[in-house]
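Please keep the model open while reading.

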Amino acid sequence: LVRQAEEGVAAQPAEFRVLRRDGSLCWVRRQVALFADTAGRADRAVITLQDVTERKNADERLRLAATVFTDSQEGVLVTSPDHVIVAANPAASAIVGYAEDELVGRNIDILRADRPGAVPDRDIIETTATVGYWQGEIWNRRKNGEVFPLWLTVSAVRDERGKLVNYVATFIDITRVKQSEAQLEHLAHHDLLTGLPNRLMLQTQLGQAIGRSKRSGMRGAVLFLDLDRFKNVNDSYGHPMGDEVLRNVAKRYLLRLRVADTLARMGGDEFVVLIEDVPDVQKVAILAQALIEETAAPIVLSGGREVYVGTSIGISIFPDDADAADQVIRNADSAMYQAKTAGRGTFRFYTTEMTDAANARVEMEAKLRRAIEREELVLHYQPLISFLDSRVTGAEALVRWQNPSGELILPDRFIPLTEETGLIIPLGHWVLRNACAQMKKWLDEGATLDTISVNLSPVQFRRPDIADMIQSALEETGLPPRCLELEMTESTLMEFGADAEARLDALKTLGVRLAIDDFGTGYSSLAYLKRFPIDRLKIDQSFVRGVPDDRADVEIISAMVSMVQKLRMETIAEGVETQAQLEFLLQLGCHAAQGYLFGRPLPPDEWAARWKARVRVA
């Protein structure tokens, strides 16, 4: 110190640790003041010592805090009381994708991700104000728009007077944790081999479905499927091939089911199908038969090897058979064993009555399929009578099923089944082609007929290729398009609404005539009706049956005829059976009629004299 003074260098303050008398260490700050004698030589010094332990400790805490803030792997954001970000650490920037200078000065709302069920901001603020902190899982949005989950802790920072000065938010990205949780959840509730729901998940979903069924009044069904001959596959080709069969079968089943249906694997070669909102249990039988046929088709394995298995199915209806998930499954399992006992490759309901009814339905479908293939179907023709010139101007083709025993089955017994099973498509094509061919034959023989009428079902009208199918039938038979009249029910057209107009226009472009059948029985819209390219409206026989005695029917038919005349269409009355009905229709100005008064539907070989004769109508 003396040398520094003599050299003119001022003594600098110094800080160092010293050992107290009690053995503790402390930090002191030393300052030295030098004084010189008359000769300018330093001859004395005044040394002051100051205990700076608290300040040094505070500095160390600040250094550590800065290190933690900077080096922490948790994101840290500091905001003002009004939620403006005032500081962000590197981890926060890395997690949310914003640089620090892009975050500071902006409201923390830029990270918000609005999701259903998200914790409201006000709940976080109120809890932090009351408790001092809030902790929980939320979802945020990165700079690139990606939404991600994080675990967040928000703490309130207050000054010595208790005034809020800052919020500190610390968080970690838990995306991988959530993914792991989802994978574990999936593994807990799904079959490893097929990826289908397992027994645990099925029981949960079935319990919920039963609850919904009780509230809605709708029934549901459980189908228990057990593969036939699967053990032979495992024994012959090994378990890897057996696993491949199970995966293949699962894919086939899924293709047959609706999106709303549930397919689960119970284990081994057992599967369960859960169906809700079943309006008709016969539809469940149809599905069961379809699944049986799907399973019976050969399965081509890797390497080109073909194997054959089958399935037996038990069906339980809830809540009729039971209203507890375990019991419904046991009932379906029990019914499945009945199907096995019955010879395999079939299905059984838990109750005998349902099984009998379903078997009758399936048997009818099988017979009907064979009938179409073997051409056991026949067409009968009912005359259409014109009031203008008192003659037969056409015929309506009506399909009949003549089974091998000679019984003639009327359409009301089998047409609904063909629409449910899709058989209406090949059946409708057969009717159209044969009716057109018969009409062409009559015309070639000199018949003075104008039209042949063929009914189109809603299923046919719904097909996008309906116009192509009709054009193909006309070209194949050579029948002029003007000689074909297509009949559609009022409800069919109303089902399509505005789209029906485009479909009718496409049919009209072919040159055919269009008629609305059963007019007055549906919920028609006159706004649509006036835009449809319709040639003729057929008044339903339910109204004709009451005239002229039923005043309401009289008024309804009178209004119909008047309206149709104003729309410049023709009217034809169905189901005319008495002379009184005929005279009433004539007085109204109805254009044509059909019914037993003029003749019942007849096979084509009995029609030779029909179209040659004039009919007395007045």
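Angles between axes of 65 to 115 degrees count as roughly perpendicular. In this predicted model, the axes of H7 and H11 cross at roughly 105 degrees and come within 9 Å. H7 and H11 are therefore roughly perpendicular to each other. On the H7 side the contact is made by Leu202, Gln203, Leu206, Gly207 and Ile210, and on the H11 side by Ala325, Asp326, Val328 and Ile329. By type, the residues of this contact are six nonpolar, two polar and one charged.

H11 spans residues 325-341, which is 17 residues, and reaches 25 Å from its first C-alpha to its last, close to the expected 24 Å. Its buried residues are Ala325, Val328, Ile329, Asn331, Ala332, Ala335, Met336, Ala339 and Lys340.

Just after H11, Gly343 has a positive phi of about 120 degrees.

Is Glu485 buried or exposed? Buried means under 20% relative accessible area, so Glu485, at 1% relative accessibility, counts as buried. Glu485 is part of strand S20, residues 484-489. Its side chain makes a polar contact of 3.0 Å with the side chain of Arg536. Leaving aside residues up to four places away in sequence, Glu485 touches Thr451, Ile452, Ser453, Val454, Arg513, Ala515 and Arg536.

Terms used. Residues numbered from 1 in each chain as written. Predicted model: local features only at pLDDT ≥ 70, side-chain atom pairs only at ≥ 80, totals over all residues. Heavy atoms only, no water. Helix = DSSP H or I, 4+ residues; strand = E, 2+ residues; numbered from the N terminus. Expected span 1.5 Å × (residues − 1). Buried < 20%, exposed > 50% of the residue type's maximum accessible area, 1.4 Å probe, protein only. Polar contact = N/O pair within 3.5 Å; in protein donor to acceptor, adjacent residues only side chain to side chain. Contact = heavy atoms within 4.5 Å. Axes fitted to C-alpha atoms, helices over the stretch in contact; angles between N-to-C directions. Parallel < 35°, antiparallel > 145°, perpendicular 65-115°, else oblique. Nonpolar A, V, L, I, M, F, W, Y, C, P; charged D, E, K, R; others polar.
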